[in-house]
Amino acid sequence: MHKARPEQWVKNYADMLFAVALQKTNSREVAEDLVQDTFLSAIKALENYRGEASEKNWLFTILNNKVIDYYRKKGRRQTTETYLADTEAAFDDSLYNNGHITGSTWRAGWSSEADANINDKDFQQVLSNCLDKVPVKMKPVFISKYFHDLPPDEICAMFEISNANLWVIMHRVKVILKNCLTHNWFSNT
Amino acid sequence: MNTLKNMLHNCKQAQQIGVEFEHKPVGFKRWLQLKVHIFYCSYCRRFLKQSALINTLLKRMSIKDEQLGEGTKAKMQHEIEVLMKQGED
């Protein structure tokens, strides 16, 4: 049996709930509102919480219902699956031909001198700019792996994506970051 | 024969397995597929090296974008506390 401790919610879950809401709605403002609503609804429903699901899963269920409500009012929702299918051709065309590597982008190595400077503030800025180029449907998923250090299963459950799609996302984001760093850091130092 | 051909020529698939393998075991068959591929393919070998370096670099970084602002969090915390108090009365 789990016990709810609302005074710990913001500290423990707010950022993760926000990442999920952001990925699903593509909007910071909407995501903030949905997280806020989730907490408020959860408190109102506190009597109904019997501690069968963990507090965290319970909050995510509430959030996901809020997301569904939001799209009921707003109209069509682009799921992660549709997003990945819709963008696959564009991603493949520039980088792969029938799965095989094409184009000069793969030839660029990273020089080791550039390597030595990676602690620079300048580098942090470049990396952060590169992360900003990652589409909002993929960035929160990718970030959750690194900055919340969650196990893969948990990330899939949170974002409601399949295991296969998780690794499609992780790979695509890596390629985006690799290309961006090649252009903006490793080629001109 | 087809499997072997696929193994050697599909960079996208090999890279996907490689990225997955950075985080968890991928099963023997897929692991072998990856190893055979990168033995022959210097591009993917290089990509996975770069990918591993990106992992190290990301771990040193702090990310604020995907998080709520401290102000917003404080506001949420306050509202929760107010509501909890009302509940007690």
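The exercises below work through parts of a predicted model, each with a solution in steps.

This is a predicted model in which local features need pLDDT of at least 70 and side-chain atom pairs count only at pLDDT 80 or more, while totals for chains, interfaces and linings use all residues. Residues are numbered from 1 along each chain as its sequence is written, chains are lettered from A and ligands numbered from 1 in the order in which they are written, and side-chain values use heavy atoms, with hydrogens and water left out.

**Exercise 1. Chain B in outline**

State how many helices and strands chain B has, and what share of its residues is buried.

Step 1. Helices (H or I, at least four residues) and strands (E, at least two) are DSSP runs, numbered from the N terminus. Chain B has 5 helices and 0 strands, in the order α-α-α-α-α along the sequence.

Step 2. Buried means under 20% relative accessible area, exposed over 50%, and partly exposed in between (1.4 Å probe, protein chains only). Of the 89 residues in chain B, 40% are buried.

**Exercise 2. A salt-bridge network**

Find which residues are linked with Lys73(B) in a network of salt bridges.

Step 1. A salt bridge is a side-chain nitrogen of Lys or Arg within 4 Å of a carboxyl oxygen of Asp or Glu. The whole structure holds 11 salt bridges over all chains.

Step 2. Lys73(B) pairs with Asp15(A), with 2.8 Å between the closest N and O atoms. Lys73(B) is in helix 5 (residues 70-88) of chain B and Asp15(A) in helix 1 (residues 9-25) of chain A, so this pair joins two chains.

Step 3. Lys73(B) also forms a salt bridge with Glu70(B), at 3.9 Å from N to O. These two residues are 3 residues apart in helix 5 of chain B, about one turn of the helix.

Step 4. The network therefore links Asp15(A), Glu70(B) and Lys73(B). Lys73(B) and Asp15(A) are both buried, whereas Glu70(B) is exposed, with a relative accessible area of 60%.

**Exercise 3. Positive phi**

Locate Asn26(A) and Glu160(A), and give the phi of each.

Step 1. Most residues other than glycine have a negative phi.

Step 2. Asn26(A) has a positive phi, near 60°, and lies in the loop between helix 1 and helix 2 (28-44) of chain A. Asn26(A) is partly exposed, with a relative accessible area of 40%.

Step 3. Glu160(A) has a positive phi of about 55° and lies in the loop between helix 8 (152-159) and helix 9 of chain A. Glu160(A) is partly exposed, at 49% relative accessibility.
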